Amino acid sequence: MSLITLAPAHEAAIADLDASLFERPFTADALASLFASPAFTGYALVDEAGDIMSYILMNQVLDEAEILSLGTARAEQAKGHACQLLNDTCAVLLERGVCRIYLDVAEANRPARALYARCGFVESGRRLGYYGTAPHRQDAIIMSKALKGIR
C-alpha cells in the first residue's frame, strides 16, 4: 500500500468510488471543478496494482484544511485503511504548514464519528439541521484536529 497525491487523471476512479459509497455523491462536473481549484488537495491509498482503496478530498487555505469527502472501497472497509489514510494525510499536511484540519459529519453517522475520534479528531461545533430535508433534518457535527506535534 502506498500514499499518492490525487490528480485530474484520478477523477473517474474517484467518481466511481464516490457513487458506490454515498447517497449523494459528487457529480462529474463537481469533481472536475474541485480538482481544478487551487485550494484542492487530495490523497489516496493504492494497492500494488495502483487501484484506489481509500481516498480523501480536501480544500486547503493557508494553514487550515477541510475534509470534503473520505471514502474506502467497500471490499477494503474495516481493514484500517481510512485511519491510515487520515494519519498519513495529517503528517503530509503538517509538513505543508497546516496547523488544523476540519470536517463535518452527520450526527447519525456513528461509524464515521468513531473513526474520526480514533484518529484524534474532537467535536468542535455543530451546524443545526444541516443535513437532509424537513422533517428529517439532522445536525452536522464539526470535528477538528490540531496538527502541531503529531510527528
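Guide: Helices (H or I, at least four residues) and strands (E, at least two) are DSSP runs, numbered from the N terminus. This is a predicted model, in which local features need pLDDT of at least 70, side-chain atom pairs count only at pLDDT 80 or more, and totals for chains, interfaces and linings use all residues. Residues are numbered from 1 along each chain as its sequence is written, and side-chain values use heavy atoms, with hydrogens and water left out.

Visitor: Where is the place of Gln77?

Guide: Strand β4 covers 64-72 and helix α3 covers 81-95.

Visitor: Is Gln77 buried, exposed or partly exposed?

Guide: Buried means under 20% relative accessible area, exposed over 50%, and partly exposed in between (1.4 Å probe, protein chains only). Because its relative accessible area is 36%, Gln77 is partly exposed.

Visitor: What is the order of the strands in the open sheet?

Guide: Two strands pair if DSSP finds at least two bridges between them. The edge strands, each pairing on one side only, are β1 (2-5) and β6 (122-131). The pairing is mixed, and the seven strands run in the order β1-β2-β3-β4-β5-β7-β6.

Visitor: In β2, which residue is the bridge partner of Ile4?

Guide: β1 and β2 (residues 40-46) pair in the antiparallel sense over four bridges. The β2 partner of Ile4 is Ala44.
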